[in-house]
Amino acid sequence: MSATSTSGDDIFVSLEPPPLAEDPSQTIRSIRNLDQIIPQISLERGPFINITEENLRKEIEQLQNRDGLPSPEEENPKDETTTVKPSATDIAQFEEDFNNARADLSRLIGAAQNEAAISLDFISLLISSVRPVAGTTSMSPHLKSHVPVGSLGTDRFRPQPYVEDMSVCLGWKTQAVSAATERFAKAAGRLAEEAEREKKYWEQVEEIAVCGEVLSKMRMPDYRGMGVRYGFADAGSTYKEKGIATLRRNADGNLVLKTEGEKRTKVLSVAVLRPLDGEHVRTGQHFTKINYDSTDVKTEIKQARDLLFEDELFFQIARETRILASQGITLSFGNKVTMPLPGLQVVLETIDIEDQDNSMDVDGGPDSVIAEAINVALHLLLSKLHRKNLEARRSIPLPLGSRTHTADTGKSEILEPLVTSLAVAPIKSSLMNLIADLMSALKEK
Amino acid sequence: MSNPAQQSQQRALTINQRINEAANTIVLEYSAIIALAPVSGKDRTTTATEAYEIECHATSIVRAIEDLLMVSRSLKESWILGQVSSSFQVGDDQT
């Protein structure tokens with residue numbers, strides 16, 4: 001179908017082909033696309049509001065009477081061999097088409113109604129600025145609650161007779177175009193810098209990745225970027241600690257490691273005291289020195305890891321003092337564990353590595369070797385505990401009935417081996433002495 | 001729970017889409033600016049509105065380029081997490 005419009009001197013002709021003619025071999029007219037029929041109808045007969053059933057019936061009768069043609073259902077009678085009665089499949093198809101068409105029609109009517117309601121809202125909002133009463137009565141409650149009444153205004157605009165002001169227009173255009181150019185130039189510089197910074201950042205991230213650290217993509221609400229795992233959960237640690245640090249990029253493209261919460265500073269220190277003149281005197285001390293320079297990100301990660309390890313170690317030790325309280329091990333001030341053993345006393349406490357006061361008598365005393373050995377042993381025992389946890393996790397869990405007692409207190413994995421190994425020799429020797437005395441006493445008899 | 005191959009395929013598709021979209025935007029907006037440039041035969045109102053339109057198109061071009069930067073960043077993220085099948089293998093070179 002073609003339409004002509006007379007705006008200016010142009011005539012618009014549609015290049016759409018007209019809809020195909022009815023396939024004459026079909027005995028039943030199938031419902032064509034509503035998209036084609038409805039505009040055709042509205043063109044030929046005007047708006048639907050004028051079409052009623054009565055009119056249609058009258059038209060059909062007129063058509064029949066005038067032309068003497070058979071009723072439209074039998075458009076192509078052809079010869080008697082063609083079935084006059086439509087087959088069942090045709091009827092089914094027809095019904096399906098009909099239902100689809102009806103569904104389409106109701107959908108389109110709904111859409112039209114929606115659009116009419118929207119136009120009504122628009123017009124009433126316009127009116128409400130001039131005549132508030134008339135406007136508000138026809139506005140929908142939804143619009144009234146969202147838009148204040150009278151907030152849309154109109155004015156009549158008479159298009160001025162054509163004034164072509166070359167100088168002003170040229171000036172504005174050149175201004176606009178040069179502003180665009182400047183914007184591009186500035187953006188180019190800025191984005192080039194940004195790309196440089198990104199490049200530097202990613203080079204540094206790659207350095208870390210190549211060393212075998214585990215990276216991950218963080219999707220926290222306030223940070224989306226790369227993160228690195230410095231915790232031991234994969235190694236079997238059950239300490240409550242997320243163990244993941246964010247790798248942020250600061251203003252000049254450098255990598256900044258940021259751990260969650262406060263940075264740790266405590267390190268375990270082992271001190272050996274011997275009784276001297278009735279008092280205990282420190283004869284040796286040892287703690288792991290963690291250098292605190294924070295320039296290289298790799299050392300920062302290692303540092304975070306070491307400090308986490310120390311933290312967990314002291315946590316386990318403090319927990320186990322309760323279990324081994326029968327051996328005389330005490331915990332005082334929340335950070336000092338005292339182990340009285342025959343012949344010496346071992347004190348485990350946490351010290352702050354920022355505190356430089358302890359650098360004095362670190363390697364001096366004669367028993368510092370023992371202290372170092374104890375320190376190393378404690379670290380190794382914690383690793384052993386981790387591995388044990390990992391094995392327990394990997395093994396097949398026991399059936400539900402036999403898991404009646406959970407290991408709340410648990411065994412002392414770290415202090416007990418230490419205590420036993422340190423104390424076994426003196427105890428054994430004193431026991432041997434006792435037995436030897438008893439035997440000699442019995443022999444004399 | 002799609003397997004890694006499907007996921008990487010999906011990612012490749014998204015990234016290609018974004019790149020295409022950004023490139024299209026840049027070309028379209030730029031040609032729109034060029035189309036708005038001629039000054040003959042228009043009155044003042046039209047010229048003023050067109051000046052504003054040119055500014056809008058310029059801004060969307062810059063935004064499209066920033067989107068491309070974001071695309072490159074997400075590519076780098078996927079690459080370093082080993083989700084890109086290439087010759088880069090972490091730790092294999094250190095022996």
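Biologist: How far does helix 6 of chain A reach from its first C-alpha to its last?

Modeller: Keep in mind that this is a predicted model. Helix 6 covers residues 166–210 of chain A, which gives 45 residues. At 1.5 Å a residue you'd expect 66 Å, and the helix comes close to that, reaching 64 Å.

Biologist: Okay, and which residue just after helix 6 of chain A takes a positive phi?

Modeller: Inside helix 6 of chain A, buried residues include A:W202, A:V205, A:I208 and A:A209. Just after this helix comes a residue with a phi of about 95 degrees, and that's A:G212.

Biologist: Let's move to helix 7 and helix 8 of chain A: are they roughly parallel or roughly perpendicular?

Modeller: Two packed helices are described by the angle between their axes and the distance between the axes. Here, the axes of helix 7 (residues 297–323) and helix 8 (residues 368–394) of chain A come within 10 Å and cross at roughly 85 degrees. Angles of 65 to 115 degrees count as roughly perpendicular, so helix 7 of chain A is, relative to helix 8 of chain A, roughly perpendicular.

Biologist: How many nonpolar residues are in that contact of helix 7 with helix 8 of chain A?

Modeller: Helix 7 brings residues including A:F309, A:L313 and A:I317, while helix 8 brings A:L378, A:L382 and A:L385, among others. By class, the contact has two charged residues, four polar ones and, for nonpolar, six.

Biologist: Last one: is A:S269 buried or exposed?

Modeller: A:S269 sits in strand 5 (residues 266–276) of chain A. Its side chain makes a polar contact of 3.3 Å with the side chain of A:Q285. Its relative accessibility is 0%, so A:S269 counts as buried.

Definitions and conventions. Residues numbered from 1 in each chain as written. Chains lettered and ligands numbered in written order. Predicted model: local features only at pLDDT ≥ 70, side-chain atom pairs only at ≥ 80, totals over all residues. Heavy atoms only, no water. Axes fitted to C-alpha atoms, helices over the stretch in contact; angles between N-to-C directions. Helix = DSSP H or I, 4+ residues; strand = E, 2+ residues; numbered from the N terminus. Parallel < 35°, antiparallel > 145°, perpendicular 65-115°, else oblique. Contact = heavy atoms within 4.5 Å. Nonpolar A, V, L, I, M, F, W, Y, C, P; charged D, E, K, R; others polar. Buried < 20%, exposed > 50% of the residue type's maximum accessible area, 1.4 Å probe, protein only. Polar contact = N/O pair within 3.5 Å; in protein donor to acceptor, adjacent residues only side chain to side chain. Expected span 1.5 Å × (residues − 1).
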